[in-house]
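This briefing covers helix packing and strand pairing in a predicted model. The points are grouped by topic.

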Amino acid sequence: MAMLEVKVPDIGDFKDVAVIELLVKVGDTIQIDQSLVTVESDKASMEIPSTQAGVVKEVKVAVGDKVNEGSLLLIVEGAGAGTAAAAASAPAPVAAPAPAAAPAAPAAPVSGGGLVDVVVPDIGDFDEVSVIEVFVKAGDTIRVEQSLITVESDKASMEIPSSHAGVIKELKVKLGDKVAKGTLLAVVQTAAGAVAVAAPAASAPAVAAPAPAQAAAAPAVASASLPALPAHEPTAAKGRLPHASPTIRKLARELGVPLDEVKGSGPKGRVLESDVQGFVKAVMAGQMQTTAQKAAAPAGGAASGGGAFPGLLAWPQVDFAKFGPVERKEMGRIKKISGANLHRNWVVIPHVTNHDDADITDLEAFRVLLNKENEKSGVKVTMLAFMIKAAVAALKKFPEFNASLDGDTLVMKQYFHIGFAADTPNGLVVPVIKDADKKGIVQISLEMAELAKKARDGKLGPADMSGGCFTISSLGGIGGRYFTPIINAPEVAIMGVCKSQIEPKWDGKAFQPRLMLPLSLSWDHRVIDGAAAARFNVYFASLLADFRRIAL
């Protein structure tokens with residue numbers, strides 16, 4: 001046995017870099033290329049690998065020391081003066097398990113091809129979450145960390161990555177299934193030498209929630225497994241290099257975690273693996289939102305997460321069974337999500353609603369004629385398609401209605417994506433017609449029919465419901481006269497329409513029967529004033545009364 005020195009190798013043009021983490025201790029058995037310490041300059045951090053294999057007899061550096069190329073790190077007792085170069089000609093050693101201080105366990109090669117089970121990793125304190133998207137099918141070739149499914153709790157959604165690469169032989173879950181930690185997702189045929197990783201916590205969404213779930217604000221849920229220190233650091237200076245090792249940076253990238261928002265619990269605020277996992281769990285529990293998620297919410301936030309306001313009485317707790325028979329029924333996923341969104345939007349946005357009427361007598365006659373002419377094509381043009389085109393024209397004339405608040409800044413949009421509220425058996429959803437300004441009435445009608453069918457079948461994806469500029473909520477097929485639609489944040493206005501009806505209108509000589517459509521425009525008083533709202537409503541009504549104005 002020989003005593004061998006392990007020194008800092010060539011680390012580039014870096015002088016006096018600080019040791020910020022020790023990954024081994026005296027008595028540890030180490031392998032060639034195993035990480036020993038992490039050093040950090042003012043621009044980057046890196047892990048220093050070992051050039052020797054053996055047992056650590058002395059650690060020659062401490063946290064805070066400055067090292068350079070050639071600095072002595074360890075004294076190792078080895079089987080001989082083996083070096084990394086010599087080891088290269090020998091069979092590759094099997095990596096020993098990473099020490100407790102290591103940020104993440106290294107990947108372990110699979111010794112040969114075979115069937116492996118891919119299961120749900122640790123997703124926090126959730127007994128059951130719903131599968132809302134499936135990205136793969138039997139026969140697909142997948143890679144490590146590829147997203148397999150999306151799951152959703154009451155507060156957030158996340159993608160579940162694969163822990164293995166190979167070919168899916170069996171897919172064990174489907175849309176609507178409930179899964180928890182350890183649930184079998186798929187059976188995968190791996191190839192010889194394929195790499196398997198211990199799947200980290202499932203990936204939290206990095207993009208502002210296109211679906212309502214991702215922007216929903218809800219009361220915090222206590223979780224015993226969360227770290228004592230706050231997992232979120234929203235005040236952290238953006239653009240700085242987070243205090244974390246390359247391994248942790250890779251983990252954060254794989255999980256979609258904004259590392260500069262994670263509160264580090266290690267020395268000098270260093271971000272550890274447990275901090276990243278705690279962040280994911282907290283987002284999943286609804287205890288926080290990432291900056292990207294908050295960007296989808298209206299300026300001012302959602303007060304206390306959509307819960308009760310200070311000074312208000314607590315919600316009454318009543319034992320209804322004392323008064324007669326009752327049945328308890330769990331609210332559907334969509335209603336729970338949309339309910340939290342509607343609550344937030346109503347509380348945060350100062351709503352004002354203007355009511356008016358549009359004379360659609362001539363437009364309805366044209367619509368009926370158009371449908372007769374296109375009867376063989378199977379395309380049915382609805383009044384809502386005309387309203388979408390009218391909304392585009394009105395947004396162009398009044399651009400402040402095609403805006404969103406970002407703090408104290410008004411974001412003026414140069415595109416025209418119009419949402420329409422669709423009633424489904426599971427609740428209200430809002431599909432979006434993208435680039436409605438570039439499409440004709442017939443094409444809009446076709447897209448509306450397709451999106452409405454997907455909504456009824458529960459197959460709308462996040463992309464189908466994201467990016468809206470203005471929403472139209474129509475109750476025309478049901479009835480009613482006027483109502484106050486709630487603005488679909490981060491939009492600043494919404495048009496509500498009810499059932500049209502024949503009314504007598506004076507033409508200067510006599511009363512004439514005219515088909516009148518009730519309009520209800522709700523608008524955000526932080527962005528829009530009353531005069532602009534009245535002009536918008538009058539202009540919108542005038543377009544429906546004489547659709548030739550669209551061409552002007």
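**Helix 7 and helix 9**
- The crossing of helix 7 past helix 9 is right-handed.
- On the helix 7 side, the contact is made by Phe386, Met387, Ala390, Ala391, Ala393, Ala394, Leu395 and Lys397.
- Helix 9 contributes Phe536, Tyr539, Phe540, Leu543 and Leu544 to this contact.
- By class, the residues of the contact are 12 nonpolar and 1 charged, with no polar ones.

- An open sheet of 4 strands runs in the order 10-17-15-12, with antiparallel pairing.
- Strand 10 (114-119) and strand 12 (141-142) each have a single partner strand and stand at the edges, so one side of each has no neighbour in the sheet.
- Strand 17, residues 184-190, pairs with strand 10 in the antiparallel sense over 6 bridges.
- Val118 has Ala186 of strand 17 as its bridge partner.

**Hairpin of strand 20 and strand 21**
- Strand 20 (residues 403-406) pairs with strand 21 (residues 409-412) over 4 bridges, in the antiparallel sense.
- Ala403 has Met412 of strand 21 as its bridge partner.
- The hairpin has 2 residues between the strands, and Gly407 takes a positive phi near 70 degrees.

Definitions and conventions:
Residues are numbered from 1 along each chain as its sequence is written. This is a predicted model: local features need pLDDT of at least 70, side-chain atom pairs count only at pLDDT 80 or more; totals for chains, interfaces and linings use all residues. Side-chain values use heavy atoms; hydrogens and water are left out. Two strands pair if DSSP finds at least two bridges between them. A crossing is left-handed if the near helix is turned anticlockwise from the far one by less than a right angle, and right-handed if clockwise. Contact means heavy atoms within 4.5 Å. Ala, Val, Leu, Ile, Met, Phe, Trp, Tyr, Cys and Pro count as nonpolar, Asp, Glu, Lys and Arg as charged, and the others, Gly among them, as polar.
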